[in-house]
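Colleague: Could you walk me through this one? I'd like to go one topic at a time.

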Amino acid sequence: MKIPSAVAQYIDHIAVERQYSESTCRAYESDLTDFAVFAAKRERDLVTEVDLDLLRDWLWKSSQAGLGPSTLARRSASVRGWSAWLAQNGHVPVDTAVRLRSPKTGRSLPHVVQRPQMDAMLDSLAELAATGDPVALRNAALIELLYATGTRVSELCGLNVDDIDLDRLTLRVVGKGSKERVVPFGVPAHSALVDYLRLGRAALLARGKETTDAVFLGVKGARMGPKSVYNLVSRLLASLPGGSAQGPHALRHTAATHLLDGGADLRAVQEMLGHASLGTTQIYTHVSTERLRESYRGAHPRA
């Protein structure tokens with residue numbers, strides 16, 4: 001089997017059978033397509049011609065091209081998963097990448113929005129929403145919900161009206177691996193959602209050509225996509241003085257950190273965020289500890 005054909009079949013496998021997220025499939029496809037080009041330049045066209053030295057050379061070339069440790073680790077994971085799939089399905093006699101090591105990645109602390117900045121941004125959005133503009137109503141509800149629940153952008157964009165329980169103040173979201181979970185939200189998010197669903201969403205829906213059950217709609221009345229949410233949140237965060245956080249995931253980081261700052265149980269935060277591993281959630285305890293250190297150094301006379 002030729003390498004490009006094997007790559008295409010593997011991507012179909014992880015998308016359909018393994019149910020990897022769209023973003024993961026795109027990333028893996030990009031990595032493996034780059035490897036296929038690299039192999040072709042070295043006159044390796046068949047999967048049986050792929051050996052450990054070729055894989056190591058590809059990763060080395062990637063590092064020389066300036067790719068960061070996290071990208072190199074993902075590339076290693078991409079090709080190891082592909083190699084294992086080739087062996088399991090009899091396309092190659094052995095798993096070539098079983099001895100391929102992933103580069104170690106340094107884990108940096110996520111950027112979070114400070115409480116005063118978050119309050120100022122939400123207050124500004126509420127003022128704009130008070131004008132009755134449907135887009136302003138949507139933006140206020142969207143940001144309130146992202147901050148209140150810590151949901152991923154893909155989860156937020158996938159929300160349908162029936163997924164919201166306004167009486168119990170909960171959302172039903174579908175996360176990674178098609179796993180469902182119920183996430184609570186607070187009174188301010190409830191108020192913003194009610195206003196948007198009652199006034200803003202109906203106005204946006206009227207602009208569309210088709211009916212949709214999506215909660216958050218774009219200016220043309222269709223379901224809002226992750227890129228639109230990313231652009232909106234990035235623009236809002238960029239306007240904050242001294243802000244270093246970027247993109248919607250910063251609000252997920254912020255929600256988790258503020259929950260732990262307020263005394264929330266780590267396991268509860270893990271369940272709320274939909275993390276498979278508690279270790280992923282624990283990164284936010286380090287953020288809270290570092291914030292405490294900064295406050296101490298700035299305030300204590302003997303710091």
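Colleague: Where is His 111 placed?

Modeller: His 111 is in the loop between α4 (69-88) and α5 (115-129), where helices (H or I, at least four residues) and strands (E, at least two) are DSSP runs, numbered from the N terminus. This is a predicted model, in which local features need pLDDT of at least 70 and side-chain atom pairs count only at pLDDT 80 or more, while totals for chains, interfaces and linings use all residues. Residues are numbered from 1 along each chain as its sequence is written, and side-chain values use heavy atoms, with hydrogens and water left out.

Colleague: And what is the relative accessible area of His 111?

Modeller: The value for His 111 is 46%, so this residue counts as partly exposed; buried means under 20% relative accessible area, exposed over 50%, and partly exposed in between (1.4 Å probe, protein chains only).

Colleague: What separates the C-alpha atoms of His 111 and Thr 254?

Modeller: They are separated by 7.7 Å, although His 111 and Thr 254 are 143 residues apart along the chain.

Colleague: Changing topic, how many salt bridges are there?

Modeller: The count comes to 10 salt bridges, each being a side-chain nitrogen of Lys or Arg within 4 Å of a carboxyl oxygen of Asp or Glu.

Colleague: Which residue forms a salt bridge with Asp 31?

Modeller: Arg 75 does, and the closest N and O atoms of the pair are 3.5 Å apart. Because Arg 75 lies in helix α4 and Asp 31 in helix α2 (residues 22-41), the pair ties together parts that are 44 residues apart in sequence.

Colleague: Are those two buried or exposed?

Modeller: Arg 75 and Asp 31 are both buried, and for Arg 75 the relative accessibility is 11%.

Colleague: What about Arg 75 and Asp 34, how do their side chains meet?

Modeller: The side chains of Arg 75 and Asp 34 meet in a salt bridge, at 3.1 Å from N to O. This pair links distant parts of the chain, with Arg 75 in helix α4 and Asp 34 in helix α2, 41 residues apart. Asp 34 counts as partly exposed because its relative accessibility is 27%.

Colleague: Which residues are linked in a network?

Modeller: Asp 31, Asp 34, Arg 74 and Arg 75 are linked in a network of salt bridges.
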